Amino acid sequence: MSDEPVTQQPNNNEDEPSASAIFVELMRQAAAKATPKSSDAEPDGSTTAPSLPAAAEAEPSLAPVEAPHQIRRVRRRLALRRPHPSSMAGGFLGTIFVVVVSTALVATLLMFFVNPEFLNPAVVKGLQLDRDEIIAGIEAQRPTPVQTPQWLRRIGIISGHRGLGTNLNRDPGAVCYDAYKQPYLEEETINFAVSRRVVANLEALNFTVDMLDEFDPRLDDYRADALLSIHANSCIDFGEIVSGYIVSKSDARPDVGADVLLRECIALNYGAHIPLERSFNETEDMINNHAWRKIHPLTPGVILEMGFMLADQEILTTQQDLLAHAITMGILCYIENAGLSFGLPPTGERSADYLVPILATPTPIFGR
Ligand SMILES: [Zn+2]
């Protein structure tokens, strides 16, 4: 760029065309340009163009010379703001932070691989209880000097298979088929016919009663003095007479206490009124019923299979008032004696002529 104007100058003079002299002059001019002040280079009109970038470069280099303290102060402030990587405390806190964050991440990820069914539902429910809730539950079962009015007592009746099933379709439960493979009797119909009679009986005794569907949303954390799920058993022809009623509690509940008393009250009074044998052929669907996983842990719950739909069909379809009466007596037995099973004094209540089971363990204190 700058060669052309410089080489033209010596050509015009023609006095000293020495190459070394030209080189010296070039070096001198370059040295003059390199110095901060551009005044030396100005006499040559050709140097105006190269001097522009030189001036631009000179400007920032002026700043540190004029105000070094300001710059230094700013830089020091920046340095302070930046965390010192080699600081002991900083390194320690950083490590703790990484450990906490990665632990939380790993724990969250692992949660996805834990099958909820793997955990005992009773344990899960128990963990959800706090101390006050447990105490409140025990206090609620303690009889008060003044008799508890019946309308304060809440009883839940699940009409087996009523409402929509898990697949949101109607679930008839067990079904009986005739010789032409046509259905002629559904379990859901029998269950509801008996359940509504039981509900009517209990309401006539001034109880607060909830008629619940099989998968009733109210079952979540359901709280009541007692919950009974009413069912009828299979209509399959087993090739032999399969008969009898079954009463079952949750397998996750203890083998002493409220659930056992409710089960034995229902079984004893049902057997006293209905001419059927008691069967102990409990199925997984009874001992691990979906309802047991939903209801509140202090709500006693049992399932009753009233009889088999083939061998016991006549009783199930023609004796529904009697079935309901037997069940009502069983519930009354439990409600009016629940306190006794916890070693508490008798309430003196006896609203009907029901039977009370004598349980082997724990030794109940029966006042009469
Ligand atoms: Zn059923």
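Two strands are taken as paired if DSSP finds at least two bridges between them. Helices (H or I, at least four residues) and strands (E, at least two) are DSSP runs, numbered from the N terminus. The model is predicted: local features need pLDDT of at least 70, side-chain atom pairs count only at pLDDT 80 or more, and totals for chains, interfaces and linings use all residues. Residues are numbered from 1 along each chain as its sequence is written, and side-chain values use heavy atoms, with hydrogens and water left out.

An open sheet of 5 strands was found, with mixed pairing and the order 4-1-5-7-6. Strand 4 (208-212) and strand 6 stand at its edges. Each has a single partner strand, so one side of each is left without a neighbour in the sheet. On average, neighbouring strands are turned by 20 degrees against each other, direction ignored. Axes here are lines fitted to C-alpha atoms, for helices over the stretch in contact; angles run from 0 to 180 degrees between N-to-C directions. Strands of a sheet pair through backbone hydrogen bonds, either parallel or antiparallel. Strand 1 and strand 5 run parallel and are joined by 5 bridges. Ile 158 stands opposite Ser 229 in strand 5. Helix 9 packs on the sheet and touches strand 5, strand 6 and strand 7 (301-308). The direction of helix 9 makes about 25 degrees with that of strand 7. Contact means heavy atoms within 4.5 Å.

The structure holds 2 disulfides, a disulfide being a pair of cysteine sulfur atoms within 2.5 Å. With the bonded cysteines of the chain numbered in sequence order, the pairing is 1-2, 3-4. Cys 176 lies in strand 2 (residues 175-177), and Cys 235 in the loop between strand 5 (226-233) and strand 6 (246-249). The pair therefore ties together parts that are 59 residues apart in sequence. The torsion about this S-S bond of Cys 176 and Cys 235 is about 105 degrees, so the disulfide is right-handed. Cys 176 is buried at 1% relative accessible area, and Cys 235 is buried at 11%. Buried means under 20% relative accessible area, exposed over 50%, and partly exposed in between (1.4 Å probe, protein chains only).

The other disulfide joins Cys 265 to Cys 333, again with S to S 1.9 Å. Cys 265 lies in helix 9 (residues 258-273) and Cys 333 in helix 12 (residues 320-341), so the pair ties together parts 68 residues apart in sequence. The torsion about the S-S bond of Cys 265 and Cys 333 is about -55 degrees, so this disulfide is left-handed. Cys 265 and Cys 333 are both buried.

The zinc ion is coordinated by His 161 (NE2), Glu 187 (OE) and His 231 (ND1), at 2.1 to 2.2 Å. Donors are N, O and S atoms within 2.8 Å of the metal (3.2 Å for Na, K and Ca); water is not among the atoms, so sites may look incomplete. Along the chain the donors follow the spacing H-x25-E-x43-H. His 161 is in the loop between strand 1 (154-159) and strand 2, and Glu 187 is in helix 8 (residues 187-204), 26 residues apart. Both His 161 and Glu 187 are buried.

Arg 253 is found in the loop between strand 6 and helix 9. Arg 253 is buried, with a relative accessible area of 12%. Its side chain and that of Asp 259 are joined by a polar contact of 2.8 Å. A polar contact is a pair of N or O atoms within 3.5 Å; within protein, one must be able to donate a hydrogen and the other to accept it, and residues adjacent in sequence count only if both atoms are side-chain atoms.
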